[in-house]
Amino acid sequence: MVIKDEVRAALANNQPVVALESTVIAHGLPRPQNIETAAKLERIVRDSGSTPATIAVLDGELCVGLTTEQIEAIANRDGIRKLSTKDLAIAVAEKWNGATTVASTIWIAHRAGIRVFATGGIGGVHRGSLPDVSADLPELARTPMIVACSGAKIVLDLPATREWLETNSVTVVGYQCDEMPAFYSRSSGLPVDVRCDSPEEVLKIFHVQRELGMESALLVTVPVPADAEVDAELLRQVLEDSLKQADELKITGRDVTPFLLARMSEQSKGATLQANIALLENNARVAAQISRALHA
């Protein structure tokens, strides 16, 4: 594991650090918005009083905190692999270059000593008859971190994902909201376990979880900013059309979500892309505020 000097110094001095994933840079956003957003997320974390630690695997090394050149490589180089937790040992052994998912970012960040992580949306239970569960979910169930997100990605089976979280004892916080957000939408009709309106309220629960010896993450779900929310009817239509296209093209496995997000952005004339960027920025800000309060 290679920890960037500023991240190492912040951790050593008990200063706030926020982990950021790199799959959104390599696979989640189109160019050039991917590198612009990556830089903006790090700037937001800094401006909010925390140190950003974007995580990736480069030349087989688990990198915690990236240089500008490394972020540019992740954003612009073809052939960057998408690495979940199960891929990390292979990536290190074979000296791969790869972007980390929510699951593998949490795994690496926790072992580096980082306790707060920001992302856009977590993976979840996929639509369809076969049981297809993202590796993000079991990683959340076994890693004691604060994870700020806007719920699960809208292309997933949201009720089944919420049920999985409940079954596996992952506490879901609604941050300034009373129901679990649905990525591009501020509402899903799905319940949260508790509402928190400040970083201090979130930390009160997180500290008690640690005192009780609970090993699961605290999932802090943050609604997309109201001015970036996608109209419900437009969202329903573009999602249905995108799902139909994925089925016709027989796209399966880990390729489904990036395909659907890209098609939805195209069909919504960029509305879903703008919502994605807005929620990423907002979640980074909330995570940095929580991290700063954690180290106050």
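Let's start with a cysteine: Cys63 is buried, at a relative accessible area of 4%. Buried here means under 20% relative accessible area, with over 50% counted as exposed and anything in between as partly exposed (1.4 Å probe, protein chains only). The model is a predicted one, in which local features need pLDDT of at least 70 and side-chain atom pairs count only at pLDDT 80 or more, while totals for chains, interfaces and linings use all residues. Residues are numbered from 1 along each chain as its sequence is written, and side-chain values use heavy atoms, leaving out hydrogens and water.

Cys196 is buried too, with a relative accessible area of 2%. Its closest cysteine sulfur belongs to Cys177, and at 9.9 Å that is too far for a bond. A search of the whole structure finds zero disulfides, a disulfide being a pair of cysteine sulfur atoms within 2.5 Å.

| Residue | Relative accessible area |
|---|---|
| Cys63 | 4% |
| Cys196 | 2% |
| Ser84 | 10% |

Ser84 sits in the loop between strand 5 (81-83) and helix 5 (88-94). Helices (H or I, at least four residues) and strands (E, at least two) are DSSP runs, numbered from the N terminus. Leaving aside neighbours within four places in sequence, Ser84 is in contact with Thr101, Ala103, Ser104 and Ala135, where contact means heavy atoms within 4.5 Å.

Now for two helix pairs. The axes of helix 3 (residues 33-47) and helix 12 (residues 271-294) come within 8 Å and cross at roughly 25°. That makes helix 3 roughly parallel to helix 12. Axes are lines fitted to C-alpha atoms, for helices over the stretch in contact, and angles run from 0 to 180 degrees between N-to-C directions. Angles under 35 degrees count as roughly parallel, over 145 as roughly antiparallel, 65 to 115 as roughly perpendicular and the rest as oblique. On the helix 3 side, the meeting residues include Leu41, Ile44 and Val45, and on the helix 12 side they include Ile277, Leu280 and Ala284. The residues of this contact divide into eight nonpolar, two polar and three charged.

Helix 10 (residues 232-248) and helix 11 (residues 256-267) pack at an angle of about 130°, with their axes 9 Å apart. Helix 10 is therefore oblique to helix 11. Among the residues that meet are Leu235, Val238 and Leu239 in helix 10, and Phe259, Leu260 and Met264 in helix 11.

Conventions: Ala, Val, Leu, Ile, Met, Phe, Trp, Tyr, Cys and Pro count as nonpolar, Asp, Glu, Lys and Arg as charged, and the others, Gly among them, as polar.
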